[in-house]
Amino acid sequence: MHIRFEKNANTKCDSDILSLSWMGRVPDNAEEEGWNLDGRNYYKQGWLATGNSQGVVGVTFTSISSSCDSNNDRLPLRTNYNLRNHHAKVLLVKWNEPYQKLASCDSSGVINVWAKFDCRWNVELINDRNTRVTYFSWSHDGRLALICYQDGFVLVGSVTGHRYWSSMLHPEGTVTCGAWSPDDQQVYFGTSRGQMKVLDIHGAPISQVNLSDDSGISSMAWSCEKFCMNENRKKSDYLFKHVLAICCKNGSIQLMRRYDDPAPILICTGLCPIYMEWANSKELLCVAGSRPGRLCVNIVQIYSDTGQLVYSINMPQSSTDVTAVTWAHNDRRIFIATGPEIHVACVSASIIPLHILCALRLYDESLFPPRELLPICIRDILTSISSSTIYCEVPKLSELRQFVSSSPKNRVYCTVVQHVNGPETTPPVCYVLYMEYLGGLVPLLKGKRISMLKPEFVIFDPQVDDKTYANAQITYNNFGWDDSEPESCSSPKLHRKNRHKSRPACCNRKLQLNCYTDVLPEDYRLAEVTANVWGTKFHIRGLCDDLTKKLGRVSYRTSILHLQPRQMTLSIVGDGQSIDDDSLTPKQLQRRRSCSVGSSNPKLAVSRVVEDSKISETFAHSLPTSPVAAKKKSGSSSPIRKRLMNSPLFFRKVLRTQIDPDYQNLETFQKSQIKNKIDMCSKRQQFVMRNKAPIWNDLTQVYQLDFGGRVTQESAKNFQVEYDGIQVMQFGRIDRNNFALDFQHPFSAVQAFAVALASVTQRLK
């Protein structure tokens with residue numbers, strides 16, 4: 001057996017991950033393709049669910065295939081979801097594989113059951129008993145759910161939401177955990193006083209066993225598959241000698257063949273606290289925890305069903321202890337959460353060949369030669385080693401500027417957060433664009449308002465060094481929900497400014513509105529958003545070499561008495577594609593716009609649709625020269641030309657435009673300017689779009705748009721933008737200080753963020 005950890009720095013978010021759960025992926029169009037369960041292909045791809053301290057449930061795509069180019073390994077339409085419906089810390093997340101549903105429980109006692117429909121996750125059931133949930137588990141067939149509450153109340157209900165039976169247990173202590181028997185005919189409950197109670201499927205008590213007097217029970221699990229995905233289950237599976245693992249709070253584990261086993265096997269792990277889970281093979285038990293007395297020394301141990309230690313490995317260095325663990329991909333991966341970070345362990349049950357071990361050692365020490373010099377077999381090994389299990393679209397820190405300056409390949413789902421830098425009476429002046437990932441947020445861009453009279457903004461360059469970003473990760477533990485100290489509900493920056501001012505106390509279970517990380521610099525400006533006095537026309541201009549000077553403009557049509565919905569027109573300069581006239585539709589041909597290049601021929605124009613670079617060069621060299629130069633190609637210039645060349649106004653233009661010394665006269669300078677305009681037009685394309693008109697609802701007396709569950713509050717500033725009948729951007733309010741922003745080609749992150757800034761501060765309601 002061999003275990004190694006993936007070297008991936010992008011498996012982090014901005015809040016502590018408190019729970020993990022994984023299930024295999026069923027294709028989105030499974031009914032159309034006639035999909036059948038295949039054990040080998042089903043576990044290659046899956047979904048990882050995370051519950052964090054921000055009250056957000058994350059659903060992220062995972063894959064163990066080195067490439068997803070084949071038809072069986074196609075990527076889903078969306079690879080990450082941030083589900084928002086909780087108002088407290090999400091303590092538990094549990095998948096229901098047979099019914100493809102997800103249950104999430106928070107610290108306030110609210111249970112949400114999510115179901116996926118039409119590429120979106122919706123809340124199907126809500127259960128709120130106003131008491132903290134200590135345990136939640138689905139039965140192995142997925143039809144029943146077991147819920148344990150802190151006050152001793154236990155409940156068994158169906159997957160459709162109907163209560164099957166409930167009972168109030170009165171144990172000596174608190175019910176801390178539960179478990180289903182392998183045949184789903186009995187339920188087990190563990191208490192904080194070391195007792196185990198056994199009930200049948202109808203709620204009748206069977207037995208009570210005292211296991212530990214000095215330590216309580218933290219978790220328990222049977223060595224069986226999580227779910228029975230194969231309906232044709234053999235009878236031999238029920239006759240398998242399953243093992244019940246009972247984990248105590250002191251770090252010890254007891255292995256029992258049945259609840260009244262007279263001689264249980266005791267395992268002293270030496271870790272505290274610990275988290276455990278059985279593999280689907282029913283023979284391996286994964287235990288993860290930290291050494292007591294040592295700061296953040298996390299260890300992963302693998303035990304057999306007989307209690308023997310099979311493998312042990314130290315985890316990569318982390319700033320926090322282990323908070324959750326789960327098996328994935330048919331026992332080939334283990335996901336371990338340590339605070340805001342997820343570590344991926346690659347498990348190999350067989351003996352690894354020597355050449356692969358050498359390749360792993362060279363990869364860990366970064367001693368591989370260039371890929372061009374490697375044999376094909378070594379390239380394949382290197383590709384499989386360097387591939388990441390958790391699918392991530394978050395750019396590297398060294399490529400952040402390039403990522404936000406160009407159009408993305410896939411649709412990007414982001415959140416815009418207002419950061420209050422002063423008292424509540426003053427409007428917020430700082431906005432940060434975050435990418436949603438692993439249930440958290442990753443900062444991409446920062447914008448600040450530079451004028452209080454007009455809604456004008458400046459967007460800063462997000463490029464930041466690794467040292468600054470690494471130091472910022474230390475502050476992640478201070479973010480999230482705070483139930484004990486109500487006065488800490490603010491960002492660290494706001495706390496430093498107002499530490500000497502008195503603030504009113506906040507009630508418990510109140511979300512920290514400004515708890516997201518903000519590590520982006522403000523040294524250089526990337527773009528700016530300017531507006532007129534009335535705030536109806538905005539211009540987006542680039543301020544660096546990676547962006548064009550004119551990125552786009554946004555104009556709003558005024559409405560009398562604000563009785564009509566907002567009407568906006570966008571003109572965006574985006575990345576073009578090589579398009580021929582024969583491949584264009586009649587509508588696309590009509591949308592082609594042209595611009596004059598200042599030639600002496602008034603009929604000469606250059607199309608903004610992309611053309612071949614060779615054609616552009618030929619066209620630039622074939623431009624007609626001035627009439628005087630056509631007559632006299634050699635010899636002295638005319639008197640008019642001499643006066644024009646000696647004019648002081650011309651030299652002012654020369655200094656202003658910084659003409660290269662290679663230009664001999666005005667004629668060569670004009671040719672170069674025309675060629676530059678042609679090259680710019682060949683690379684850029686102008687897109688003119690308008691917002692989608694909302695539909696009036698007679699029942700609610702409001703205008704409505706379908707945001708796919710991304711927007712949760714009504715606002716006149718919510719809008720959608722379409723191009724060629726395809727939605728390319730949407731913006732809407734989530735809560736008081738948060739907005740959802742989704743965009744795709746032709747928008748870049750800078751352009752979409754600038755349009756959002758122009759909309760969120762727009763004066764017309």
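Tutor: A search of the whole structure finds 12 salt bridges, a salt bridge being a side-chain nitrogen of Lys or Arg within 4 Å of a carboxyl oxygen of Asp or Glu. This is a predicted model, in which local features need pLDDT of at least 70 and side-chain atom pairs count only at pLDDT 80 or more, while totals for chains, interfaces and linings use all residues. Residues are numbered from 1 along each chain as its sequence is written, and side-chain values use heavy atoms, with hydrogens and water left out.

One of the pairs joins E436 and R84, whose closest N and O atoms are 3.3 Å apart. E436 lies in strand 30 (residues 430-437) and R84 in strand 5 (residues 80-84), so this pair ties together parts that are 352 residues apart in sequence; strands here are DSSP runs of E, at least two residues, numbered from the N terminus. E436 is buried, at 4% relative accessible area, whereas R84 is partly exposed, at 26% (buried means under 20%, exposed over 50%, partly exposed in between, with a 1.4 Å probe and protein chains only). R84 and E436 also belong to a network of salt bridges that links them with R710 and D742.

Another salt bridge is formed by E456 and K454, with the closest N and O atoms 3.1 Å apart; E456 counts as buried at 14% relative accessibility, and K454 is partly exposed at 25%.

Definitions and conventions:
Helix = DSSP H or I, 4+ residues; strand = E, 2+ residues; numbered from the N terminus.
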